[in-house]
Amino acid sequence: MTTLTLIEEERKRAFRHNAVVHTALFAAVITFCLLEMSLGENRYPISVILRVLSGEQIEGASFVIGDLRLPRMLAGLLVGSAFGVSGAVFQSMLRNPLASPDIIGVSSGSTAAAVFCILVLRRSGTSVSLAAIIAGIASAALIYALSRGGKFSGGRLILVGIGVGAIFNSIVSYLLLRANQYDVPGAMRWISGSLNGVVKAEIMPSAVAAVILFPMILFAEKRLKIIELGEDIATALGMRANRTRLFLVISTVCLIAISTSVTGPVAFVAFLSGPISKRMTGRGAPSLPAAALTGAALTMGSDLVGQFAFGTRFPVGVITGIIGAPYLLFLLIKINKSGGSA
Amino acid sequence: MTNIRTDAARNRVQPKLRRRAIIAVVCVCALCVGIVCSIVLGSRKVSFSDVSGAFFHAAPETIGEAVVQKRIVRTVFGILAGASLGMSGALMQAITRNPLADPGILGVNTGAALFVVAGIAFLGISSPYQYIALALCGSFVSAVFVYAVGSIGGKGATPIKLALAGAATSAVLSSLVSAIMLPRTAVMDAFRFWQVGGIGGTTWNNMRAMAPFLIGGATLGICSASSLNALALGDDVAAGLGVRVGRARVIGAAAGVILCGATTALAGPISFLGLLTPHLVRLAVGIDQRWVISLSAIGGAIVLIFSDVVGRLVGSPGELEAGIVTAFIGAPVLIVVAARSKAHEI
């Protein structure tokens, strides 16, 4: 067998493997979507769900599924995949598994802006999303500017990000405390993220952003993979790395910001999706569609666990936090053992 | 010849000593100003007679006097909590030789909070002694865990490794705290301060329970200061100078953990105070641990008292927990430390 045929074989195998992984993830996401709509105080069979979705009016079911569970499911799907994609993009771009937007403080800027708009300015919908986007981009720029000094270092970026995140979080705490109806479930949404009480109108900006930005980011995936090879190689291959990077940062920050203004910063989804999907698809750069599917599956799966696995209903962020943080520790131990600096 | 040399040496030492003494006096004055502010300022305006009455009447005669007496309690507690957190931060930074060591960043506060919340929820604890015992266990376990995770691998516990290990551990622990508290909404409101940290809502009784731990911790801390000075030169040099490195570290660490554990038991996790204070103090008095550790105590008290006053004024008519204010002013210190460090040091 010649080398060429070996490579050919290997490629085919990788392609088949990828196809299986993507199909499995897709199936998992669809299953979770159906479960989100079927489970609850009243259980509905799939036939009823499909009839409601096709527009039929069924007493009780139409309201419960159409107005309560469908928005919740859509929020989980959109927000989860948005966090998944943005996390994977940041991790590839900064070539560091720790550099996801929720760890380096980009999301906390958006959260602070969203909370300010909703609780203090009493806005909702598009203006909240806009404010969250602007704050997200501003905090990304701020973190980058503060961590530039001398030679660029991923570790410094992460430390600065943790600090910036702490400042924004204290602003969020302050705003929550000043709010009139300071109730605990509402506050949880802004501290660790929750799908409770999402209404249809809130999902619109998120859906629009997904429709516009997902294809654009996927289109840039090839160039992202080249950037991941390193600055020098990317330049040698004739890429304008800075332009691609700027485009990717702005588009992913928009996704994060809009999602955050809907559900709050669902803890660790952005951080987890990339590495998990990478492990499943095998060697090479992570595939962004796989990361998006993983994010959606993770968010909805954790939401289901939070809603039904225990006596009380936990918001999704508490569950993802409990799953995600041990993984972060595991990753740290692994990085430390291999002797690489974070 | 000898005279000239000693004069020169003295010249180098004396101004520093004078400067340090001046700084110490300034700190004490600032603390006094803080105490006065903390008693006089707040949501409710009080008159001078209220203040003087509060000091001389055992039982308050007007609402103003009652308010002032409450403020006296929280001011004293603020001084104790701030002093122990500041000193604890200085000790931890000295022992780990790491500019980012801080009870909050190392996850010690959250560990204490988790144990106490679990104790309230599952064991039904109520006395301050039980709080303190559980908080001490929690801080000890999480401190050891974070330091162990952070020091795995080649270069030992570097700032970034410690900070990330602490952040991750804090995230796990605070998720668990939420998971324990959420189903118990009734208890939750009373213990909401566990998540932010504040110095309101304590009593003389609680402080009496805390006092022995603080005195013990502070004594250990001050006693270990000179061996920590040697430790700063590196383990080998310190051993060469006759310091028992292992013992010095254990004593210093124990003092740091006792101080912040006992404080967290009653105040909740107050973040970034232990990071911020020693950095400011080192800017003022240099690197001599004896000065850094003792002035960090005074500095911590000043910062916490003023943070509490600011929190009361900004949050009026309610109040903003001091922990939020300290995070807001303390986090920039983390950023500055990170931004100034060289790439290979992180």
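## A first look at chain B

Let's start with the overall build of chain B, which comes to 15 helices and 0 strands. Keep in mind that this is a predicted model. Chain B has 346 residues, and 55% of them are buried.

What about contacts along the chain? Take the contacts in chain B between residues at least 6 apart in sequence: 75% of these join residues at least 24 apart.

## Where the two chains meet

Now for the place where chain B touches chain A. The contact draws 46 residues from chain B and 39 residues from chain A. Between them, the two chains bury about 3600 Å², and 82% of that area is on carbon and sulfur atoms. On the chain B side, the residues that lose the most area to chain A are Leu164(B), Leu182(B) and Ile335(B), which together account for 16% of what that side buries.

How many salt bridges run between chain B and chain A? The count is 0.

Which helices of chain B supply at least two residues each to the side that touches chain A? They are helix 5 (128-150), helix 6 (159-181) and helix 15 (322-340). Helix 6 of chain B gives the most, with 14 residues. Sorted by class, the side of chain B that touches chain A has 32 nonpolar, 9 polar and 5 charged residues.

## Salt bridges in chain B

Over all chains, the model has 10 salt bridges. One of them, in chain B, pairs Arg290(B) with Asp288(B), with the closest N and O atoms 2.9 Å apart. Is Asp288(B) buried or exposed? Asp288(B) counts as buried, because its relative accessibility is 13% and the cut-off for buried is under 20%.

Another salt bridge brings together the side chains of Arg312(B) and Asp308(B), at 3.1 Å from N to O. Both residues sit in helix 14 (residues 289-314) of chain B, and they are 4 residues apart, so about one helical turn separates them. Arg312(B) is buried, at a relative accessible area of 5%, and Asp308(B) is buried too, at 2%.

## A network around Arg72(A)

Over in chain A, salt bridges that share partners tie Glu36(A), Arg72(A) and Asp303(A) into one network. Arg72(A) lies in helix 3 of chain A and is buried, with a relative accessible area of 11%.

What else does Arg72(A) touch, leaving aside its neighbours within four places in sequence? Its contacts are Glu36(A), Leu195(A), Asn196(A), Asp303(A) and Gln307(A). With Asn196(A), there is also a polar contact of 3.1 Å between the side chains.

## Helix 3 meets helix 9

Helix 3 of chain A also packs against helix 9 of chain A, at an angle of about 35° and with the axes 8 Å apart. From helix 3 of chain A, the residues making this contact are Val89(A), Ser92(A) and Met93(A); from helix 9 of chain A, they are Leu224(A), Ile227(A) and Glu228(A). By class, that gives 4 nonpolar, 1 polar and 1 charged residues.

Glu228(A) has a further partner: it forms a salt bridge with Lys278(A), and the closest N and O atoms are 4.0 Å apart. This pair links distant parts of the chain, 50 residues apart, with Glu228(A) in helix 9 (residues 221-228) and Lys278(A) in helix 12 (residues 269-281) of chain A. Lys278(A) is partly exposed, with a relative accessible area of 33%.

## A serine tucked into a loop

One more stop is Ser100(A), in the loop between helix 3 (61-93) and helix 4 (106-120) of chain A. Ser100(A) is buried, at a relative accessible area of 0%. Its side chain joins that of Asp102(A) in a polar contact of 2.3 Å.

Not counting residues up to four places away in sequence, which residues does Ser100(A) touch? The list is Gly87(A), Phe90(A), Gln91(A), Ala270(A) and Phe271(A).

Conventions:
Residues are numbered from 1 along each chain as its sequence is written. Chains are lettered from A and ligands numbered from 1 in the order in which they are written. This is a predicted model: local features need pLDDT of at least 70, side-chain atom pairs count only at pLDDT 80 or more; totals for chains, interfaces and linings use all residues. Side-chain values use heavy atoms; hydrogens and water are left out. Contact means heavy atoms within 4.5 Å. Buried area is the accessible area (1.4 Å probe) that two parts lose on being put together, summed over both. Ala, Val, Leu, Ile, Met, Phe, Trp, Tyr, Cys and Pro count as nonpolar, Asp, Glu, Lys and Arg as charged, and the others, Gly among them, as polar. Buried means under 20% relative accessible area, exposed over 50%, partly exposed in between (1.4 Å probe, protein chains only). A polar contact is a pair of N or O atoms within 3.5 Å; within protein, one must be able to donate a hydrogen and the other to accept it, and residues adjacent in sequence count only if both atoms are side-chain atoms. Axes are lines fitted to C-alpha atoms, for helices over the stretch in contact, and angles run from 0 to 180 degrees between N-to-C directions.
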